Amino acid sequence: MFTIAALYHFTRFPDFAALQQPLLELGRKHGIRGSLLLAAEGINGTIGGDRAGIDAMLAHIRALPGCADLEHKESWSEVQPFGRFKVRLKREIVAMGQPDVDPRAQVGHYVNPEEWNELITSPDVAVIDTRNDYEVGIGTFEGAIDPETKSFREFPAWWEANKHRFHNKRIAMFCTGGIRCEKSTNYLIGQGVEDVYHLKGGILKYLEEMPPEKSRWNGECYVFDNRVSVGHGLVPGPYSNCHACRRPLAPDDLKHPAYEEGVSCHQCINEHTDTDRERFRERQKQIALARARGERHLADG
């Protein structure tokens with residue numbers, strides 16, 4: 001079994017670029033795959049590997065400036081869910097485009113999974129899903145509001161246009177692992193909202209801890225690796241990805257006339273030109289050839 005560790009931590013890295021190469025070298029040494037993002041505001045990412053490799057990587061990250069109390073969430077997979085290992089330098093570890101937002105200064109009230117159900121069923125609470133529309137499309141909490149944003153950068157504009165709907169309401173927000181809510185709750189506090197809450201550990205922690213019979217979650221949770229989605233107990237779900245647009249596809253979506261592996265699906269068939277699709281077909285052809293060569297190599301071995 002491969003151990004999958006999802007992590008983020010807001011801290012100040014004055015020279016975050018200097019942290020990149022040691023992380024890359026350690027990851028390659030231990031056969032780690034996945035991706036880490038580094039920025040002046042901290043670190044974010046999901047990585048997969050064997051137990052010893054993940055432990056070595058987590059120990060290294062916790063030794064970085066301000067990261068001693070880093071928390072992470074674990075799940076497991078029978079196959080390696082990532083193709084390679086990347087450590088990227090970014091302006092933000094989760095892009096909101098609001099330079100005044102600083103989760104290190106103040107965030108909303110953390111709510112543990114066992115307390116979340118009571119909060120979100122209170123009549124004076126508005127529950128907001130801060131994820132992108134394609135993530136919300138395969139699963140969310142009962143009664144949650146979908147802002148229908150295509151990226152997290154759209155959230156501030158959505159709030160500005162809709163804040164009148166939440167007068168005299170407490171706001172409860174959630175996301176996949178918790179990182180977006182660190183910023184969105186700080187943003188709302190800066191906008192004068194007093195009672196702001198967010199799900200500690202995000203949907204992943206809720207699905208890990210909450211028994212299905214007590215759950216208020218419907219559907220699957222989209223994850224950014226080859227598992228595509230997970231359900232209660234963090235068991236991998238039935239979804240796959242369209243490699244043209246990266247949106248999740250249910251098994252029945254693969255039977256849609258617009259679906260062509262690696263080229264298009266019913267959600268993106270009108271988003272690309274004929275030239276784009278020809279390029280995607282060539283890419284898919286090369287992927288198939290590489291896969292066939294790998295299978296032959298294994299058989300010969």
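1. The face of helix α5 turned away from its buried side carries the exposed residues A157 and A161 (exposed means over 50% relative accessible area, buried under 20%, partly exposed in between, with a 1.4 Å probe and protein chains only). This is a predicted model, in which local features need pLDDT of at least 70 and side-chain atom pairs count only at pLDDT 80 or more, while totals for chains, interfaces and linings use all residues. Residues are numbered from 1 along each chain as its sequence is written, and side-chain values use heavy atoms, with hydrogens and water left out.

2. Helix α5 spans residues 155-162, and its buried residues are F155, P156, W158, W159 and N162. Because these residues cover an arc of only 160° around the axis, they lie on the same side of α5 (the arc is that of the directions from the helix axis to the C-beta atoms). The buried residues of α5 pack against β7 (125-129), β9 (170-174) and α6 (179-190); helices (H or I, at least four residues) and strands (E, at least two) are DSSP runs, numbered from the N terminus.

3. Helices α1 (residues 20-29) and α2 (residues 51-62) pack with their axes 10 Å apart, at an angle of about 165°. The two helices are therefore roughly antiparallel (angles under 35 degrees count as roughly parallel, over 145 as roughly antiparallel, 65 to 115 as roughly perpendicular and the rest as oblique). In α1, P22, L23, L26 and G27 meet A56, M57, H60 and I61 of α2, contact being heavy atoms within 4.5 Å.

4. The structure holds 0 disulfides, a disulfide being a pair of cysteine sulfur atoms within 2.5 Å. For C268, the nearest cysteine sulfur is that of C245, 3.8 Å away.

Conventions: Axes fitted to C-alpha atoms, helices over the stretch in contact; angles between N-to-C directions.
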